[in-house]
Amino acid sequence: RPITLVVVHCSATPATRDIGAAEIRAMHKRQGWNDIGYHWVVRRDGRVEPGRAEQKVGAHVAGHNKSSIGVCLVGGVKPDMTAETNFTPAQYAALERLLRDLKARFPTARICGHRDLSPDRNG
């Protein structure tokens, strides 16, 4: 499938909640999805875990799933669920390596954040 976008997301979990692809997959399946919505998950310690197979259409950004790869950084909110940039240096380093790899494999794809494609709830 042609890939035109690489979309970076956060898991909307507090920094103290160290989850990975298995936990996100379980959450998404509990919501009735057939699999994890993201193709890649970057854990708090910088480990990159595979999610949904890249050749399969993801479930991470409505209207753009067919032609995109979804990457999820674990974290992104405070304990009260308000937004917080709480990602670790290891996550940023891993994200950079992953995005470089994806860009090399999908050179025409645009890298963007989920909020660039989906209206946010706080304006």
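**Note on the salt bridges and fold**

1. The side chains of R105 and E54 form a salt bridge, at 2.7 Å from N to O. (A salt bridge is a side-chain nitrogen of Lys or Arg within 4 Å of a carboxyl oxygen of Asp or Glu.) This pair links distant parts of the chain, 51 residues apart. R105 sits in helix α2 (residues 89–105). E54 sits in the loop between β4 (48–50) and β5 (68–73). Helices (H or I, at least four residues) and strands (E, at least two) are DSSP runs, numbered from the N terminus.

2. This is a predicted model: local features need pLDDT of at least 70, side-chain atom pairs count only at pLDDT 80 or more, and totals for chains, interfaces and linings use all residues. Residues are numbered from 1 along each chain as its sequence is written, and side-chain values use heavy atoms, leaving out hydrogens and water.

3. Is E54 buried or exposed? E54 is buried, with a relative accessible area of 15%. R105 counts as partly exposed, at 39%. (Buried means under 20% relative accessible area, exposed over 50%, partly exposed in between; 1.4 Å probe, protein chains only.)

4. R43 and E49 also meet in a salt bridge, at 3.1 Å from N to O. R43 and E49 are both buried. Salt bridges with shared partners join D18, R43 and E49 into one network.

5. R25 and D35 pair at 2.6 Å, N to O. R25 lies in helix α1 (residues 21–30). D35 lies in the loop between α1 and β3 (40–42). The structure holds seven salt bridges.

6. The chain has two helices and seven strands. Their order is β-β-α-β-β-β-β-α-β.
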